[in-house]
Amino acid sequence: MNGELNMSIGHLALYLAVMALVTYLIRMIPFTLFRKEIKSAFFRSFLAYVPYAVLGAMTFPSIFFATASLPSAIAGTVVALILAFFRRSLLTVAVGASGTALIVELLLGFFS
Amino acid sequence: MKKQAYTFREGLRDGVPIGLGYLSVSFGIGIAAVAVGLSPLVALIISMTNETSAGQKAGLDLIADCLPLAEGIITMILSQLVINLRYSLMGISLSQRLDSSFTTPWRMLLSFSITDEIFAVASTKKEKVGVYYFAGLGCIPYIGWAAGTLLGALAGTLLPEMVRGCLGLMLYGMFIAIIIPPARRERGVLFAVCLAVALSCVFYFIPLFDFLSDGLALIIAAVASAAVAALLFPVAAPHEDVETPAPDGGEVNA
């Protein structure tokens with residue numbers, strides 16, 4: 001996914017405008033109009049689970065193709081999972097994952 | 001205007017730890033933006049007009065896909081709707097915790113700074129929150145979000161591609177750090193995450209689903225898993241906030 005973006009400035013501007021507008025409206029409209037709690041247990045639960053489902057689906061399998069080679073991505077992922085399991089902070093997990101991947105890449109480069 | 005329970009300065013102060021946490025997440029967002037071919041300036045514009053990690057990452061992936069324009073825009077609208085839907089719930093919930101200084105124009109203006117962490121802090125204050133405090137609370141996180149994005153994007157343009165790819169793991173690592181602790185604690189979260197990952201892999205690897213764009217696949221995987229999880233594991237009543245435990249000041253999911 002590294003490289004040049006094959007999109008005109010106009011189209012890119014349209015994408016960015018739509019993205020910002022939708023994100024703003026979804027925050028603004030309920031905050032401004034609704035002043036009552038949501039009663040539906042299903043809808044509340046659904047909304048509570050959406051962020052985790054989104055992050056899960058966004059991370060896998062994409063994480064395996066984020067680096068230059070599969071072994072470094074797998075190593076980084078495993079380290080991230082272990083650190084997160086032991087409740088390390090966001091920054092620790094992030095640095096651990098990318099640092100591990102970098103070391104593996106350097107080792108691969110050294111031995112190839 | 002009636003005396004408000006908390007001052008602008010108190011809001012600013014409460015926003016400092018959030019802003020510091022945002023620096024690192026948005027650094028990852030900046031890296032991701034230049035990785036799809038955007039300039040640091042465009043990366044900064046996106047962060048200053050959105051302030052949401054998952055939504056921005058999904059938006060970047062969609063821009064990188066270069067779908068036909070109409071299809072791309074519709075997918076963008078749908079994906080931002082689904083991914084940021086939780087802010088609607090937070091806004092409604094937060095409404096219960098605001099004082100009368102929150103008139104309609106203030107709500108329209110300050111709704112922009114509803115994020116997971118700002119919601120968590122504002123809605124757990126002892127007294128009802130006024131516009132001064134809430135405006136202050138949003139400042140430092142916003143600056144942190146923008147600055148981190150710019151730094152990440154600049155670092156991304158300067159570093160060689162191999163290193164940049166490895167730094168790209170930062171954002172995914174943070175997503176994993178957000179997901180795992182609550183998944184250990186709550187079976188519903190664990191179920192939703194596992195199902196979403198499974199569906200996402202199925203859509204990605206099985207050729208039958210090649211007709212789905214990545215953006216649409218993400219929406220379907222997320223909505224389906226959250227819905228099934230909600231049916232099987234309903235969340236107890238006043239628990240609309242996303243889990244945000246902060247062991248060493250870092251648990252961030254703008």
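Modeller: What follows is a discussion of a predicted model, taken topic by topic.

Colleague: How many residues of chain B are in contact with chain A?

Modeller: There are 98 residues of chain B in contact with 71 residues of chain A. On the side of chain B that touches chain A, the largest share comes from α9(B), with 21 residues. By class, that side of chain B has 62 nonpolar, 28 polar and eight charged residues.

Colleague: Let us stay with α9(B). At what angle does α1(B) cross α9(B)?

Modeller: The axes of α1(B), residues 8-35, and α9(B) cross at roughly 135° and come within 8 Å. The two helices are therefore oblique to each other, and α1(B) passes α9(B) in a left-handed crossing.

Colleague: Which residues meet there?

Modeller: From α1(B), the residues include Phe27(B), Ile29(B) and Ile31(B), and from α9(B) they include Arg164(B), Leu167(B) and Met170(B). By class, this contact has ten nonpolar, two polar and one charged residues.

Colleague: Next, α10(B). What does the helix pack against?

Modeller: The buried residues of α10(B) pack against α9 and α11 of chain B, together with α2 of chain A. Among these buried residues are Val189(B), Ala196(B), Leu199(B) and Phe203(B).

Colleague: And how far does α10(B) reach?

Modeller: Helix α10(B) covers residues 187-205 and has 19 residues. From its first C-alpha to its last it reaches 27 Å, close to the 27 Å expected at 1.5 Å a residue.

Colleague: Is Ala222(B) buried or exposed?

Modeller: Ala222(B), which is found in helix α11 of chain B, is buried because 31 other C-beta atoms lie within 10 Å. Leaving aside neighbours within four places in sequence, Ala222(B) is in contact with Val50(A), Ala53(A), Val54(A) and Ala57(A) from chain A, and with Val82(B) and Ala196(B) from chain B.

Colleague: How far is Ala222(B) from Ile92(B) in space?

Modeller: The two are 22 Å apart, C-alpha to C-alpha, and 130 residues apart in sequence.

Colleague: What about the phi values of Arg87(A) and Glu51(B)?

Modeller: Arg87(A) has phi near 60°, a positive value in a residue other than glycine, and Glu51(B), also not a glycine, has a positive phi of about 50°. Arg87(A) is in the loop between α3 and α4 of chain A, while Glu51(B) is found in the loop between α2 and α3 of chain B.

Colleague: Why does Glu51(B) count as buried?

Modeller: Glu51(B) counts as buried because it has 27 C-beta neighbours inside 10 Å, and 20 or more are enough for that class. Arg87(A) is partly exposed, with 16 other C-beta atoms within 10 Å.

Colleague: Finally, how are α3(A) and α4(A) arranged, and which hand does the crossing have?

Modeller: Their axes come within 8 Å and cross at roughly 155°. The helices are therefore roughly antiparallel to each other, and α3(A) passes α4(A) in a right-handed crossing. Among the residues that meet are Val79(A) and Leu83(A) in α3(A), and Val104(A) and Leu108(A) in α4(A). By class, the contact has twelve nonpolar, seven polar and one charged residues.

Technical notes
Residues are numbered from 1 along each chain as its sequence is written. Chains are lettered from A and ligands numbered from 1 in the order in which they are written. This is a predicted model: local features need pLDDT of at least 70, side-chain atom pairs count only at pLDDT 80 or more; totals for chains, interfaces and linings use all residues. Helices (H or I, at least four residues) and strands (E, at least two) are DSSP runs, numbered from the N terminus. The expected span of a helix is 1.5 Å times one less than its number of residues. A residue is buried if 20 or more other C-beta atoms lie within 10 Å of its own, exposed if 12 or fewer, and partly exposed in between; C-beta atoms are placed from the backbone. Two residues are in contact if their C-beta atoms, placed from the backbone, lie within 7 Å. Ala, Val, Leu, Ile, Met, Phe, Trp, Tyr, Cys and Pro count as nonpolar, Asp, Glu, Lys and Arg as charged, and the others, Gly among them, as polar. Axes are lines fitted to C-alpha atoms, for helices over the stretch in contact, and angles run from 0 to 180 degrees between N-to-C directions. Angles under 35 degrees count as roughly parallel, over 145 as roughly antiparallel, 65 to 115 as roughly perpendicular and the rest as oblique. A crossing is left-handed if the near helix is turned anticlockwise from the far one by less than a right angle, and right-handed if clockwise.
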